[in-house]
Amino acid sequence: MSSIPVYDPQVVEAAWQARWADRHVNEPDLDHPRRPFYNLMMFPYPSAEGLHVGNLFAFTGADIFGRFRRLQGFEVFEPIGFDAFGIHSENYALAVGTHPAKLIPRNIDAFRRQLRRFGGMFDWRHELSTTDPAYYKWTQWLFVQLFKHGLAYRKRAAVNWCPTCKTVLANEQVVNGYCERHPDTKVEQRFLEQWFFGITRYAQRLLDNLDSLDWSESTVTLQRNWIGRSEGATLVFETPTGDSIAVFTTRPDTVFGATYLVLAPEHPLVDALTLEERRHEVREYKRVVQGKDIVSRKVGDRAKTGVFTGTYARNPATGESIPVWIADYVLMEYGTGAIMAVPAHDKRDFEFAQEFDLPIRQVVRVEGESLPIVSTSGTLMQSAPFDGMPCDRAAREIVEWLERSGSAHREVQYRLHDWCISRQRYWGPPIPIIHCGACGPVAVPDEDLPVELPFVEDFKPDDSGVSPLARHAEWYHVPCPRCGAAARRETDVSDTFLDSSWYFLRYPSTEFADRAFDPARTATWLPVSTYIGGNEHAVLHLLYSRFITMVLHELGHTSFEEPFPKLRAHGLIVKDGAKMSKSRGNVVVPDAYIQQWGADTFRMYLMFLGPFQEGGDFRDEGITGIRRFLDRVWVLGHEAARAGSAALPAGVERKLHQTIRKVTADTDALRYNTAIAAMMEYVNELRSAECTLPTAVEPLLVMLAPFAPHLAEELWSAAGHPDSIFIAGRWPSYDETLATAEEIELVVQVNGKLRARLTVPRGLTEAAALERARAEAGVRKFIDGKPVRKVVYVPDRLVNLVV
RNA sequence: GCGACCGUGGCGGAACUGGCAGACGCGCCAGCCUUAGGAGCUGGUGGGGCAACCCGUGGGGGUUCGAGUCCCUCCGGUCGCACCA
C-alpha cells in the first residue's frame, strides 16, 4: 500500500492560496449574481504592530460564515479594507518620527500579507483604504450632501486640550483629568468652533428602528442606552427681572418640592441673573470650572460645589420664591442646562442641599423609605390639590395644570448629542469647505473634489489649536467658489468615524471613479447580509453608519434605511484574564503560531477556544488537540481517496446524519466551538468503525471546509475533484429519520433519582415503558412495598415513579 | 450608583422548550509500541466509599414528580454608561 504524504500545512496552504488567486475563486460576479450574499466584517485599523490574535479571531469567525453560505450555494462577496486615517496613526507617526503618508502604506502591506496568509475568502479586487483620495473624495462628497441639507453646522463647543500634545483629545484619551500620554499634564478645557452633524434629529427614528433589526441583544441595549430617551416636561420659572428659566425634568410630580434652581455655569442667563454683590464670586467659580477638563468634571470627585447668584425665581406650582444657584453638576449640554432641584427626591440635589443648607421639602411618601426618596412608586404629599395621588398620575396632571398658565409642556429629551466631526489634526480628510468673508462657509463644488490632503512635512500640531493644514499657505488660500473673492480653506479634518460610516457602500463599487456607489451594484448587494464585528463599536460606528444610511435614504441615494439588518457581535479574546494591549505587553501575534501549526489549525483553535460570541482566554496549551484532529482527517481523507464504495455501516450513517444536522445548525448560529466538537465526534466514530468510505468522508470535508479551507481543498482534490470545493462542493443535507436512532435509552427515575437505564424501541407507550421499568431489579429495590403515587412519562426520554 | 451578561471537574468549555450534568478538547494516570520519546495507538479520569450507594453546577431559600436551567436573596466576576435632571 502506497504511503500517505505527510501533512505539511505550509506547503498545502501556500499552494491553495496561490490557486485561489490564479483561478479567481473568491471573486463573485458582482453584476449578475444568482444568489448574492454580502458577508461583511469590520475593517481593521492597520497599526504598526500588525494583525493581532483578536483581529484574527474576528476575521476567522466571519470568514467561516461566508464560506458556509458559499457552500450552501450563495455567491458570497467578502471584501476587506483599511481604516487608516485618524489620531492613532498620527500619534504613532509622531512618536516614531516617520510621516504617516509613508508609514501607513507599509502597515497596510504587512496587514495584507497577514490577511492572505490566514486564508480569508477576500475579494481583493475590491480592497479599499480610507486614506485613498479615490475613497475620501466621496467621504467629502458625503459631508457636502449633509451640509447642503442643513445637517452639517458649526458651533462653538468645549473640547479637551492637552498643552503638551498641543491638541484636542477625545474623552477616552483623558485619564482622571490627565492626558493619557502625559500623566503629569492636566487637561484643559478650550472652546473651539467645530463642525457637527445633526444626528439628534434622527434620535427617535434610530431608536424605533432598533426593534426591526436582527442584532445581538447586547448591542441593541447599548444603542438604546446611548440614545437615552427620557420623557418628562419643561417647566418655566419666572424671575423678578422678567427672565424665564426653563428646566427639563422627568419628575414634574415633585415640582412642589423644588426648593431652589441650579444653572450650569455656562448657562447664557447666568450673567444677567447675577446680582452685583455676587458677581465676583460667580466669576471666580466659572473660572475654576473652566479650568477643569470635561471628563474630570463628570467623573472626578463628587463633592458638590456651587455658588448663589443672589437672584430668586418663582416656583410655578407653589408661587414661592426660590434661590437660583450655579453648580457644575448641572451640564449645559443636556436638557436646558438648568434644573429645578428637588432635594427630597433626588440624590444629587439632596447632597447639594445638605452641603449648602438649602431647604428640603418632602412631597412624595413611600412606605418605609427615608429621604432622599427617588422611587416613583409613592403618593404625593404637601402638594396642595394633588395630595394622595400616585406619582405617575400626578406627573401627567401637574403638567396639564401648569400648561394652562403656560409654564409647562411635555417634552422628550435624548442623551444623544450631535456628532462633532471636527478634528484639529493633520491625518484625515480635509473638510471640504471654503470660508469666504462675503459668502460665509461654502461647500467645495463636487467637480473640485477631492480636496486632497497636502503633504505637510511638519504635521506636528502647535499651541494655536488650529490644524497644521493652516500652515500650508498655498493650500490654505483659495478663491471663493461662489464669488471669487479671496477666501481660505477649512483646516479641520473629519473624524475617522465618518470614514467608516459608509465603507460598506463603497466596497461593491470600488472601480467607479465617478460615483460613490453604483445604483445597480448597491441594489444588488445591499443592505449587508450579515455584519460581524466587535461590541467595542456597538455604539459609535454602528450608530453613525445607521445615521448616514438613513440620511442617504432620505436624500434618495439608497432604497433602504438600515444598512445592517443582521448583526452579530463576537466576543473578546483576552490573555491571562486581561484585555490584550500594548501597555500590558500581553498582545499575542498570530504569525509564529501560523508558521508552526498552519493557518487551518490556528483558525480552528481560535474557534474552539470558546463560544464565538463570547470570546475566550488565549492559551496555547490546547492547540495540539486541533492539530491531532486535522492530522487524523488528513489520513482519513487520503484513505478515502483510494477506498472503494460500499454501503455505510448503520452506526456510521446515523452519526453522519446527526453530525450534518448539528454542524449545520451550529455553524448557522456561529456556535463554531460545538460544531467543531461534533466533527471530532464524527471522526472518532469513523475511526472506531474503521470506516474510510468516500461517502462517509466527503461530506465531512465539505463541513470542515469553512473552518480549515486549505486542508479541505487538498483532500477534496486528492479525492479526484478537479474544481475547488467552494465551487463544486455542496453543503450536505441530512435525513431526519436516518439521524434518529430507532433504539433509545430510557431513563428510569424513582422520586426523581436515576435508578436505571433501559434500551427500548423509540415510541414506546407509557404502559409498556412502565412495565419494563417495574421489571428492573434496580428499580424494584426502591419501589417494592410502597404504593406508586404518581408516574411521569416523557416519551423516549424518561419515566419517573413517585412513591 | 445605574444597566447588561456571567459563575459547571485540575483547565478551556458542553447540556434543545426544566428531563441521563461534565459532550469535545487540553492535562493527568495506566498499558502497548519503541534504543528512546514532548511521536503514535488502546483504555481510564467530578468527589467520597471495598461495595450497594451517597454527595456534587458560587452561598442560602423557594416553585416542581424532577432545577445547571425558573423565582427570591446574598456573594464574586466581566462589560457598558456614569452628576443625563
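**Helix pairs and a cavity**

Author: α23 and α24 cross in a left-handed way (the near helix is turned anticlockwise from the far one by less than a right angle; clockwise would be right-handed). This is a predicted model, where local features need pLDDT of at least 70, side-chain atom pairs count only at pLDDT 80 or more, and totals for chains, interfaces and linings use all residues. Residues are numbered from 1 along each chain as its sequence is written, and side-chain values use heavy atoms, with hydrogens and water left out.

Reader: Which residues make the contact of α23 and α24?
Author: Glu698, Leu701, Val702 and Leu704 of α23, with Leu711, Ala712, Leu715 and Trp716 of α24. Contact means heavy atoms within 4.5 Å.

Reader: At what angle do the axes of α23 and α24 cross?
Author: Roughly 150°, and the axes come within 8 Å. The pair is therefore roughly antiparallel (angles over 145 degrees count as that).

Reader: And what about α5 and α17, how do they pass?
Author: In a left-handed crossing. Trp141, Leu142 and Leu146 of α5 meet Phe547, Ile548, Val551 and Leu552 of α17.

Reader: Change of topic. How many cavities of 30 Å³ or more?
Author: The count is 1. A cavity is a set of points on a 1 Å grid over the protein atoms alone where a 1.4 Å probe fits but cannot get out.

Reader: What volume does the largest cavity have?
Author: About 40 Å³.

Reader: Which helix gives the most to its lining?
Author: α5, with 3 residues. Lining residues have an atom within 4 Å of a point, and among them are Pro429, Pro430 and Ser494.

Definitions and conventions
Chains are lettered from A and ligands numbered from 1 in the order in which they are written. Helices (H or I, at least four residues) and strands (E, at least two) are DSSP runs, numbered from the N terminus. Axes are lines fitted to C-alpha atoms, for helices over the stretch in contact, and angles run from 0 to 180 degrees between N-to-C directions. Angles under 35 degrees count as roughly parallel, over 145 as roughly antiparallel, 65 to 115 as roughly perpendicular and the rest as oblique. On a 1 Å grid over the protein atoms alone, a cavity is a set of points where a 1.4 Å probe fits but cannot get out, and a pocket is an open set with protein on both sides within 12 Å along at least five of seven lines; lining residues have an atom within 4 Å of a point. Grid points are joined across faces, edges and corners, and a volume is the space filled by probe spheres set on the points.
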